[in-house]
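Here's a quick briefing to read with the structure open beside you. Take it one topic at a time and look up each residue as you go.

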Amino acid sequence: MVDFLADNNLCGQAILRIVSRGNAIIAELLRLSDFIPAVFRMKDKSDQQKYGDIICDFSYFKGPEYYEGKLEAKPDLQDLDEEFRENNIEILSRFYLAFESVHKYIVDLNRYLDDLHEGVYIQQTLETVLLNEDGKQLLCEALYLYGVMLLVIDQKIEGDVRERMLVSYYRYSAARSSADSNLDDICKLLRSTGYSAQPGAKRPANYPESYFQRVPISNTFISMVIGRLRSDDIYNQVSAYPLPEHRSTALANQAAMLYVCLFFSPSILHTQQAKMREIVDKYFPDNWVISIYMGITVNLVEAWEPYKAAKTALNYTLDSANIKEQASRYAASMESLRPQVQQLLKEGFLREELILDNIPKLLNCLRDCNVAIRWLMLHSAESAYDLNNKRLRQIKDQVLNDSKYNPRILFQLLLDTAQFEFTLKEMFKQMLSEKQIKWESYKKEGSERMTELAEVFSGVKPLTRVEKNENLQAWFREISKQIESLNYEDSTAAGRKTVQLIQALVEVQEFHQLESNLQVCQFLADTRKFLHQMIRTINIKEEVLITMQIVGDLSYAWQIIDSFTSIMQESIRVNPSMVTKLRATFLKLASALDLPLLRINQANSADLLSVSQFYSGELVAYVRKVLQIIPESMFTSLAKIIKLQIHDITEVPTRLDKDKLKDFSQLGARYEVAKLTHDISIFTEGILMMKTTLVGIIKVDPKQLLEDGIRKELVKRVAYALHKGLTFSPKAKIQDWQSVHQSTHIPIPKFPSVDESATFIGRLCREILRITDPKVTCYIDQLNTWYDLRSHHEVTNSRLFSEIQSTLGTFGLNGLDRLLCFMIVRELQNFLTMLQKTILKDKAAMDVFKTVLAAVNPVQGIVANASKLYASAVAKSQKIWGAYLESIMKVGQMQILRQQIANELNYSCKFDSKHLAAALENLNKSLLADIEAHYQDPTLPYPKEDNTLLYEITAYLEAAGIHNPLNKIYITTKRLPYFPIINFLFVVAQLPKLQYNKNQGMSCRKATDPVDWPPLVLGMLTLLKQFHSRYTQQFLALIGQFIRSIMEQCTSQKIPDMPSDVVGALMFLEDYVKYTKLSRKVVEAHVPSFIFDEFRTVL
């Protein structure tokens, strides 16, 4: 018969691919469970209030029109909904694909069973597949993995969260319009079960059997799978555990499969007592806490509570006397095994001869250790017992008392066993690789000895007092030939023959009285020794390594090992060389990867790499977590050294009296510093002893681990210092997994917010904005200084940014600049929203704009009765300018700060890195020249869309301060009606609040109605920059017309002085030209040059 898993066996390959996919799906579900956006959990009241209307559970499907109507009625909700979609659609799609793959898995499995039933696979039926060893394993795994998927989903991704995610995906994706979408079926399968993984939560009725029956599966298939799991040893594990008391451990994986599969046939659990009794007697006579998949533990006492037959059958196991017997047995074995393993680990004890002579004993010791560790770790695990359940609490207490449970002793045994296992495996692998070479060399040596002895008895070879003996000569020659004829390939026959040869050599020594000649005796003894070595060597079999691999399985501890982390770290703190033993434990834990990867590998699936990386990454992250104690301890010691050097050790002066020498020596403090320094070196030595290790498929380099650990601790401490230090108390969101700055190995820590800022940079930025607020300060551009509006005292100046540069460095200052940039974007977006939703919807204001537009056309002319027209328009629109002014001033204030930061960055770059500054300036100029040349002649080259040069160079230029914040386009905009008119009236409305002062320039008239001139001009300039340049032209034309019209009116009324509003408008144009670096001709096109000349006499 063709091998079931052969490439040309379609039946075998089909089920193998399904099982392989099942393992990959579970890995993806576990991976995604760490990335559930917190907002879908709806735990915070703020989230409920903010997102309650846009995140719905399956109640949405009862009336989608109602929910969508609610959204359409509120523009704010629509904006929030769109922002939420942009932020989350990527992760929602990933979750949906995982959910869809679960549904596809069970559909494909059902189709495969139908094909088997209908005879699609020639000569194969469900019965014949179950008779085949591989087929039996794969069919059992297929059902088991589906059950595990459903349990993992319910445990890791709560029902309400799933529903909200599926509804959000449905709303945001094309699935709702796609005809072939199976979203309905997925929703039916994964709707909330009411189960909660929280401790103390009540279990829903008929859970999980009703959940498992949502997609019907053939009852015949289920009962046959359960029948096989009940009766057969489907993985032939019992051969690795010959002792009867180890049987439940041997069948532990099969027991986990049976536990899951029984939920597909709940009648067995409820009523079939005989079957349940048989199952418990075979699989659970001495255990009730099991690991179902990659360390997910289940306590049968709790899991089988609702099922009468199962509960009754388990009561025999849970009998107080039985618990005591098992716990006491493992307590006794712990006592005897610890000294035994420690003896085996002594330097030089495990030698090749000892191993070869004692393979069964050593394997028995390994079995006993692993069985004891497994039972104690599972039955004492905190996660296996819900302490709200009185019976579970009593069982746990009894186990802990009767087994004299001590986590440190158990952990020590685990360490020693892992080390012993690792050493034994490495030595055995070495012996296995050299097996044939050594066997051949022993054979050659033995044969040569016999040939030499034959020659001795020929009488030709001189050997003291040996007479010629042709019979012995011929006999020894024959023995030599017999040894030479031994065949390595036929190990059984060679072994038998070798034993006979040893016996013959013993007999020849006795019968021919050869004892009298010591040299002949020595030759015979040597040959016997070589023949013994050949028998030992031929017994080195790969089966021993396979048995060690099976016995050493630690996959059940994949999650509960975390409860030993503090013990591991404490051990490392006390003795850093402990890392070498931990290495063996981590490698033992890595063997758990074989379980999910076996079928993926057999199927040659493309998922092999991603699943390997996930589990290996999880394990490496755990290794990092454990070893992080080393950098932490180093920094603790460093903190003590710093304290001693700053506070305790007095600096020795250059001149010192002899009698004061003792006072300054401070031997105690200096000894303490030396001791702490030595401790730090010991810690670094400890981690470097670990050697480069392959954990799964990830190479762990101890040097890299140490460096990452130090960097992580440094980041943590610096971030904490800045978080605590930069706290002030005055009277578009990026997810962690999307951020290029966030790292899993060296994470930027998150601290509880002390205000609206997420980090210290946000707090620093808001504090700077607070102290330079245009409502309470006045900025003098020529001095780069802010003064208090009321007291006229200096508040701060450009030195502030030099201080930040020296404190936080270039990256800190650049980060501050980036944050201000995003704040400007947000402010401008809020401003445009306010403009569109309030001002442009205000009928009275729109009438004013229409009237003014009609009156000022054409703008090249002069407005009749100008003062009255402008005053009337400003008075009628007065109420809308408050919020307008606040936004413009905020943007202007932030632009001033960005200019100051750019100046500081550019100054320090030229000072500290002049070559970098020069290279960046030249590259920038040459790029701009090339781009200008391309626009004049499109045949010339230009960076393509996929070329990242411009994007990358911008980051460098901004970090070096070689940019002008005023020229930046912050937001994309649409055409807006009356926009130039609105801005013109806004500026005219502010002019009466300002006055010209020869010392200060434009300043506000009253401190009670504050308007700061530079932020006003820069804010208006930035706003106009976001729109098409024709708006700016129209705005400047309106300002020019205003100046000409008012001047014309003054001339006709013979008013000699230039009105203050005209002075203000001319100052605005002057400053506008100065900041934008435009040509004067731009404003002289709207205001005659003689007016500017007269204006300068006023200045």
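Tyr615 touches Ile26, Ala27, Leu30, Tyr293, Met294, Trp558, Leu593 and Pro596, leaving out residues up to four places away in sequence; contact here means heavy atoms within 4.5 Å. Keep in mind that this is a predicted model, where local features need pLDDT of at least 70 and side-chain atom pairs count only at pLDDT 80 or more, while totals for chains, interfaces and linings use all residues. Residues are numbered from 1 along each chain as its sequence is written, and side-chain values use heavy atoms, with hydrogens and water left out.

**Nonpolar cores**
- Tyr615 and Trp304 have the most contacts inside the largest nonpolar core, which has 214 residues.
- A nonpolar core is a set of buried Ala, Val, Leu, Ile, Met, Phe, Trp, Tyr and Cys residues joined through side-chain atoms within 4.5 Å.
- Buried means under 20% relative accessible area, exposed means over 50%, and partly exposed is in between (1.4 Å probe, protein chains only).
- Another core, of 102 residues, lies apart from it, and includes Leu832, Met834, Ala866 and Trp1013.

**Helices packing together**
- Helices (H or I, at least four residues) and strands (E, at least two) are DSSP runs, numbered from the N terminus.
- Helix 38 (residues 881-912) packs with helix 41 (residues 979-990) at an angle of about 90°, and their axes are 11 Å apart.
- That angle makes helix 38 roughly perpendicular to helix 41.
- Angles of 65 to 115 degrees count as roughly perpendicular, under 35 as roughly parallel, over 145 as roughly antiparallel, and the rest as oblique.
- The axes are lines fitted to C-alpha atoms, for helices over the stretch in contact, and angles run from 0 to 180 degrees between N-to-C directions.
- On the helix 38 side, Trp881, Tyr884, Leu885 and Ile888 meet residues of helix 41, among them Phe979, Ile982 and Phe986.
- This contact of helix 38 with helix 41 has nine nonpolar residues, two polar and no charged.
- Over in helix 14 (residues 273-283), the buried residues are Met276, Ile279, Val280, Lys282 and Tyr283.
- Those buried residues of helix 14 pack against several helices, including helix 10 (219-231), helix 12 (252-262) and helix 16 (308-315).

- The peptide bond from Tyr207 to Pro208 is cis, with omega near 5°, and Pro208 is in the loop between helix 8 (183-190) and helix 9 (209-212).
- Asn206 sits in the loop between helix 8 and helix 9, and its phi is near 55°, a positive value in a residue other than glycine.
- Asn857 and Pro858 are joined by a cis peptide bond, with omega about -5°; Pro858 is in the loop between helix 36 (843-856) and helix 37 (866-876).
- Lys1077 has a positive phi, near 60°, and is exposed, with a relative accessible area of 68%.

Definitions and conventions. Ala, Val, Leu, Ile, Met, Phe, Trp, Tyr, Cys and Pro count as nonpolar, Asp, Glu, Lys and Arg as charged, and the others, Gly among them, as polar.
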